[in-house]
Amino acid sequence: MSPKANILLTPGPTPLPPQVREAMARPILHHRTREFGQLFDFVLNEMRAVYRTRNTVLLMTTSGTGAMESAAVNLLSPGDRVVVHTTGVFGDRFAAILEAYGMEPVVVAEEWGCAADPRKLEAALRSLSAVKAVFFQHTDTSTGVLNDVRALAETVRRNSDAVIVVDSVSGLAAEPLETDAWDLDVVVTGSQKGLMCAPGLAFAAVSERAWKLVESAKLPRFYFDWRRMRKSLPDLETPFTPAITVIAGQAEALKLIRKEGLENVWKRTAALAAYARARGQELGLELFARNPSNILTALRLPPGVDGDILTARLLAEDGISIAGGQGRLKGHLLRVAHMGYISRADLEAGFAALARRLAPAAA
Ligand SMILES: *Cc1c(COP(=O)(O)O)cnc(C)c1O
């Protein structure tokens, strides 16, 4: 057996570039200093470039789910009508968050592996009045589908005055997304996927249309109150102690994205995705997603192969982390990520190990 590697092919966290690791090893700054203020300002400006927006960008010390929750509590009041168009685990999470706050979201559900169909969203919006917000994913990491965010957003605009909330935790800086050109009101993301940093930061880009709701929303909020975050922005501060070390790492990752060029990042990720789809199919595995994203490739395992055992052995014996299926897909899927700092060499090593483990004689 070849020496054990240590390769992350998981859809978050993703591997860290050496510059990011180095930045996080530096002595810590205090967050009420000019030096931190400059770092914070740099990160917010670069995030605006990655989001392709002129809207306000907020930084939160939390994982991506915290940013999803912050969108719910800052936009809504009890009794508001909201729609969630779900394509898997993460759309269902939006619905669960809303339900936790006593909301009763109208859920438009797709069969897992299918992208959100704008016609279904249109039918739902036409049957409802006074919809306040529509929630959906850019890429649903549980199934590997890419949603047509632009078409979904146009559908919302044509049929309602609702704000559009997009979860691009796994999509941003990997798949094309145009916050302003597509007129998206809130786009949330996290630091540990396409953004090539450690977990711990989340961001929200918030439009003027959304800020109007933020002012009137009545759901309870304290730590995640966007009004408080916006108020401290002119001082280049956060209301509470932020994950300073992770912000230092995020700044380095954003420099790398700036240097490569965001569109080149999208192209590189697309090329890795094409490679992963081809290698997966060469191994006789079927693509799970009908409209596959470039962030990860979801591969359906043949009957008789237990995905949980396979991924456990890949990790323990080959040193390669590949995610299995989530929720009802547990044991039936492999999800091979190719976002962020994951390289062609990482993917080659991952597929070579997978090929050995799937070969009947090696089992
Ligand atoms: C990873 C992810 C999240 C957030 O997960 P956290 O573990 O809270 O960071 C949300 N949505 C999608 C689509 C994701 O891939």
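How many positive and negative side chains does the protein have, and how far apart do the centres of the two sets lie? There are 42 positive and 39 negative side chains, and the two centres lie 1 Å apart. These values, like the others below, come from a predicted model.

The overall build comes next. The secondary structure of the protein comes to 12 helices and 15 strands. Its radius of gyration is 20 Å, close to the 21 Å that the globule rule gives for 363 residues, so the protein is as compact as a globular protein of that length. Taken along the principal axes, the box filled by the C-alpha atoms is roughly 65 × 55 × 35 Å. Of the 363 residues, 58% count as buried. The protein exposes about 14900 Å², and carbon and sulfur atoms supply 53% of that area. Among contacts between residues at least 6 apart in sequence, 73% join residues at least 24 apart.

Strand 12 in turn runs antiparallel to strand 15, with five bridges between them. Here Arg300 has Leu333 of strand 15 as its bridge partner. Strand 15 covers residues 333-337, and its antiparallel pairing with strand 14 rests on two bridges. On that side of the sheet, Gly324 has Leu334 of strand 15 as its bridge partner.

How much of strand 12 is buried? Four of the five residues of strand 12 (residues 296-300) are buried, so this strand is largely enclosed by the rest of the structure. As background, the side chains of a regular strand alternate between the two faces of the sheet.

Strand 2 (residues 56-61) gives a second case of an enclosed strand. Five of its six residues are buried, so strand 2 too is largely enclosed by the rest of the structure. Strand 2 pairs with strand 10 (residues 201-206) in the antiparallel sense, over six bridges. Within this pair, the bridge partner of Leu58 is Ala204 in strand 10.

Glu46 is found in helix 2 (residues 34-51). Is Glu46 buried or exposed? Its relative accessibility is 11%, and the cut-off for buried is under 20%, so Glu46 counts as buried. Leaving aside neighbours within four places in sequence, the contacts of Glu46 are with Leu254 and Arg258.

Asp80 sits in the loop between helix 3 (64-75) and strand 3 (81-86). Although in a loop, Asp80 counts as buried, at 14% relative accessibility. Not counting residues up to four places away in sequence, Asp80 touches Leu75, Met103 and Lys132.

The last stop is the backbone. Most residues other than glycine have a negative phi, and most peptide bonds are trans. The peptide bond from Gly12 to Pro13 is cis, with omega near -5°. Pro13 itself has its place in the loop between strand 1 (7-8) and helix 1 (18-24).

The other two places concern phi. Ala130 has a positive phi, near 55°, and Met196 has a positive phi as well, near 60°. Where do these residues lie? Ala130 is in the loop between helix 5 (118-127) and strand 5 (131-137), and Met196 is in the loop between strand 9 (186-190) and strand 10. Their surroundings can be read from accessibility. Ala130 is exposed, with a relative accessible area of 66%, whereas Met196 is buried, with a relative accessible area of 5%.

How values were computed. Residues are numbered from 1 along each chain as its sequence is written. This is a predicted model: local features need pLDDT of at least 70, side-chain atom pairs count only at pLDDT 80 or more; totals for chains, interfaces and linings use all residues. Side-chain values use heavy atoms; hydrogens and water are left out. Two strands pair if DSSP finds at least two bridges between them. The radius of gyration is taken over C-alpha atoms; the globule rule is 2.2 Å times the number of residues to the power 0.38. Buried means under 20% relative accessible area, exposed over 50%, partly exposed in between (1.4 Å probe, protein chains only). Contact means heavy atoms within 4.5 Å. Accessible areas come from the Shrake-Rupley method with a 1.4 Å probe; for residues, only the protein chains shown count as cover. Lys and Arg count as positive and Asp and Glu as negative; His and the chain ends are not counted. The place of a charge is taken as NZ of Lys, CZ of Arg, CG of Asp or CD of Glu.
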